[in-house]
Amino acid sequence: MLNCWGAALGAAVSVPVLLFVAAPYIRRYVAGGRCKSTAKMEGKVVIITGANTGIGKETARDLARRGARVIIACRDIAKAEAAASEIRAETGNQQVIVKKLDLADTKSIREFAEKFLAEEKELHILINNAGVMLCPYSKTADGFEMHMGVNHLGHFLLTFLLLERLKQSAPARIVNVSSLAHHGGRIRFHDLHGEKSYNRGLAYCHSKLANVLFTRELARRLQGTKVTANALHPGSVRSELVRHSFVMTWLWKIFSFFLKTPWEGAQTSVYCAVAEELDSVTGQYFSDCQPAYISPRGRDDETARKLWSVSCELLGIQWD
Ligand SMILES: NC(=O)c1ccc[n+]([C@@H]2O[C@H](COP(=O)([O-])OP(=O)(O)OC[C@H]3O[C@@H](n4cnc5c(N)ncnc54)[C@H](OP(=O)(O)O)[C@@H]3O)[C@@H](O)[C@H]2O)c1
């Protein structure tokens with residue numbers, strides 16, 4: 001009996017001590033890769049979608065610190081202005097500018113692009129970062145299922161409208177923030193807008209697979225232009241992304257120690273945007289600032305081509 005109590009007491013003391021000792025190592029492992037590049041970005045113009053919070057905001061802060069002119073493209077101007085003024089004050093870079101962009105409305109995307117092209121002569125880096133996850137079934141202003149509409153079609157149209165400026169400013173980079181969740185996705189051409197069946201977790205996965213396939217086909221088409229396109233997984237990050245799910249919000253809080261901070265989550269985006277060794281690397285997928293495994297569906301060139309033409313049809317554009 002005494003032995004039993006002794007073992008229980010030993011465990012009660014040693015487990016917390018072990019956890020306390022291991023905590024810094026666990027945190028370092030969770031934090032993942034860091035962008036080690038010290039590249040300066042003076043004279044470079046960058047657009048980051050959804051940069052008022054989370055990963056996008058930390059990406060904007062880093063690029064502003066490197067001297068870039070950073071356009072924060074967001075749907076909520078008040079939130080975006082608050083983020084921009086915080087970044088301006090902290091980095092001393094006054095060229096952090098807010099522009100209105102709602103990726104759930106093609107009219108807003110066209111207005112954003114029109115104003116940008118009228119006001120800015122160059123564009124060196126486009127970071128398609130904004131995203132929604134686990135939304136209850138809803139549609140964008142143009143009738144697209146919300147995940148596919150914002151995460152894929154919105155960025156597809158934005159890239160199309162800005163591509164000539166990227167080509168004129170080359171060398172230039174397009175960075176698409178996808179996710180490990182792309183492994184669970186498939187492109188359901190027969191029901192792209194989830195009208196026959198809808199699962200909000202899967203809808204997110206499908207849209208993130210679309211990000212990977214778009215990157216692949218875009219990179220293929222951009223060969224020889226000095227404009228590169230890469231996709232990435234930022235890691236599991238403590239951000240507002242889980243806001244539509246009560247359960248996920250609590251899980252994210254409880255296990256926050258095992259999640260990346262937004263700064264840590266931004267490292268691979270920054271890496272893809274600035275790393276010198278990626279100057280001519282295109283069509284790749286990164287995680288923790290290194291190449292990562294793409295699911296077989298994410299490497300399916302036929303689906304990538306079909307998704308491209310279906311996206312053009314839905315958006316009413318011709319993109320050869
Ligand atoms: N967090 C993770 O664990 C994780 C993992 C893998 C991939 N990712 C990807 O990382 C990217 C950034 O996510 P995050 O974690 O930083 O999430 P977040 O904190 O929720 O930030 C998402 C950003 O997207 C913006 N956004 C949403 N809908 C928009 C629309 N219709 N038009 C314009 N902007 C819109 C949000 O604006 P509002 O603030 O106005 O809503 C916000 O600025 C996403 O593409 C996400 O899929 C994240």
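Q: Among contacts between residues at least 6 apart in sequence, what percentage join residues at least 24 apart?
A: Keep in mind that this is a predicted model. A contact here means two C-beta atoms within 7 Å. Counting the pairs at least 6 apart in sequence, the share that joins residues at least 24 apart is 74%.

Q: Why can we call the chain as compact as a globular protein of its length?
A: The chain has nine helices and eight strands. For 320 residues the globule rule gives 20 Å, and the chain is close to that, so it is as compact as a globular protein of that length, with a radius of gyration of 21 Å.

Q: What share of the 320 residues is buried?
A: To count as buried, a residue needs 20 or more other C-beta atoms within 10 Å of its own. Across the 320 residues of the chain, the buried share comes to 45%.

Q: Which helix gives the largest share of the shell around the ligand?
A: There are 30 residues around the ligand, and Gly50, Gly54, Ala130, Gly131 and Ser239 come nearest. By type, the shell splits into 13 nonpolar, 12 polar and five charged residues. The largest share is three residues, and they come from residues 54–65, helix H2.

Q: What is the handedness of the β-α-β crossover from S2 to S3?
A: S2 (residues 69–74) and S3 (residues 96–100) run parallel, joined by five bridges. Ala73 sits opposite Lys99 in S3. Between the two strands the chain passes through helix H3 (residues 77–91), and the crossover is right-handed.

Conventions: Residues numbered from 1 in each chain as written. Predicted model: local features only at pLDDT ≥ 70, side-chain atom pairs only at ≥ 80, totals over all residues. Helix = DSSP H or I, 4+ residues; strand = E, 2+ residues; numbered from the N terminus. Rg over C-alpha atoms; globule rule 2.2 N^0.38 Å. Buried ≥ 20, exposed ≤ 12 C-beta atoms within 10 Å, placed from the backbone. Near = placed C-beta within 6 Å. Nonpolar A, V, L, I, M, F, W, Y, C, P; charged D, E, K, R; others polar. Pairing = 2+ DSSP bridges. Right-handed = clockwise from strand over helix to strand, strands pointing away.
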